[in-house]
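Please read the following report alongside the sequence and the coordinates.

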Amino acid sequence: MNSLKESRNQVLGQIEAACQQAGRKAETVQLLAVSKTHPSEALREMYATGQREFGENYLQEALEKMETLADLEIEWHFIGHVQRNKTKHLAEKFAWVHGVDRLIIAERLSSQRLATQPPLNICLQVNIDGQDSKDGCQPEEVAELVQKLSQLPHLRLRGIMVIPAPNNVAALLDAQKLFEAVKVLHAHPEDWDTLSMGMSGDLEDAIAAGSTMVRIGTALFGARDYSK
Ligand SMILES: *Cc1c(COP(=O)(O)O)cnc(C)c1O
């Protein structure tokens, strides 16, 4: 079993190689460490290797880790499904929420973000390849949502998040096209800088298609054990 430092170096190497292949600078792709189901000690160990951005899917689990790891300067990203009645904690505790797919959710997050905090960073989740089981708005809805969400006072609308089916390279390219196309509709187009796309299995293809943030769990922490 690799140490977390070794696996992180390996993933950073993969990102660098994929960037080189795509003619991009390695700094243009950020690594989000997806730590769901892994214990706080694993996050602490990963933090010690230099990792600062962590992604969590389950609110209760994330809140417990935040308390345990309060001495660390972690940037917390929520990448799970956003439930309408859970927005208050998301608005107050996280730096980023990637799974926003409806105006009502964004409005709640904006009104619940404290005025003393910096704006909450938001990615609009798009169901880019028409999957039945997946969350996310439809691609046709993105234009209107960008117009509306980018005007909400306590949010900073950063870009798009997608989770296409494995090996669907066409969907990755569709996401990039959509990401580029709607920028002009943003009330503050300079904020529109994040294409959150790519997981352990499709990191290279995602970077070739323009991803600026890859969300990596398994390749960093190993397989998840949901039985515990
Ligand atoms: C779990 C998860 C990931 C990480 O997936 P791996 O295949 O383990 O890298 C990325 N994004 C989202 C939204 C996830 O839920």
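This is a predicted model: local features need pLDDT of at least 70, side-chain atom pairs count only at pLDDT 80 or more; totals for chains, interfaces and linings use all residues.

Once its neighbours within four places in sequence are set aside, Ser110 is in contact with Leu152, Pro153, His154 and Leu155. With one of these residues, His154, there is also a polar pairing, in which a polar atom of the Ser110 side chain lies 3.1 Å from the backbone nitrogen of His154.

## Nonpolar cores

The largest nonpolar core comprises 63 residues, and those with the most contacts inside it are Ile15, Phe54, Val97, Leu109, Val142 and Ile160. If residues up to four places away in sequence are not counted, Ile15 touches Val29, Leu31, Leu203, Ile207 and Val214. Another core, of seven residues, lies apart from the largest one, and its members include Leu32, Val34, Ile79 and Trp96.

## The ligand and its shell

Which residues surround the ligand? The shell consists of Val34, Lys36, Asn57, Ile79, Ile163, Met199, Ser200, Arg215, Ile216, Gly217, Thr218 and Arg224, and by residue class it divides into five nonpolar, four polar and three charged.

An N or O atom in the side chain of Lys36 is 2.7 Å from a ligand oxygen, and a polar side-chain atom of Arg224 lies 2.8 Å from an oxygen atom of the ligand, whereas Gly217 contributes a polar backbone atom, at 2.8 Å from a ligand oxygen. Taken alone, the ligand exposes 390 Å², of which the protein buries 89%.

## Gly222

Gly222 is located in the segment after α9, the helix of residues 218-221. With a relative accessible area of 21%, Gly222 is classed as partly exposed, because that class begins where the buried class, under 20%, ends.

Gly222 and Ser7 are 215 residues apart in sequence, while their C-alpha atoms are 8.9 Å apart in space.

Methods
Residues are numbered from 1 along each chain as its sequence is written. Side-chain values use heavy atoms; hydrogens and water are left out. A residue is near a molecule or strand if one of its heavy atoms lies within 4 Å of it. A polar contact is a pair of N or O atoms within 3.5 Å; within protein, one must be able to donate a hydrogen and the other to accept it, and residues adjacent in sequence count only if both atoms are side-chain atoms. Accessible areas come from the Shrake-Rupley method with a 1.4 Å probe; for residues, only the protein chains shown count as cover. Ala, Val, Leu, Ile, Met, Phe, Trp, Tyr, Cys and Pro count as nonpolar, Asp, Glu, Lys and Arg as charged, and the others, Gly among them, as polar. Contact means heavy atoms within 4.5 Å. A nonpolar core is a set of buried Ala, Val, Leu, Ile, Met, Phe, Trp, Tyr and Cys residues joined through side-chain atoms within 4.5 Å. Buried means under 20% relative accessible area, exposed over 50%, partly exposed in between (1.4 Å probe, protein chains only). Helices (H or I, at least four residues) and strands (E, at least two) are DSSP runs, numbered from the N terminus.
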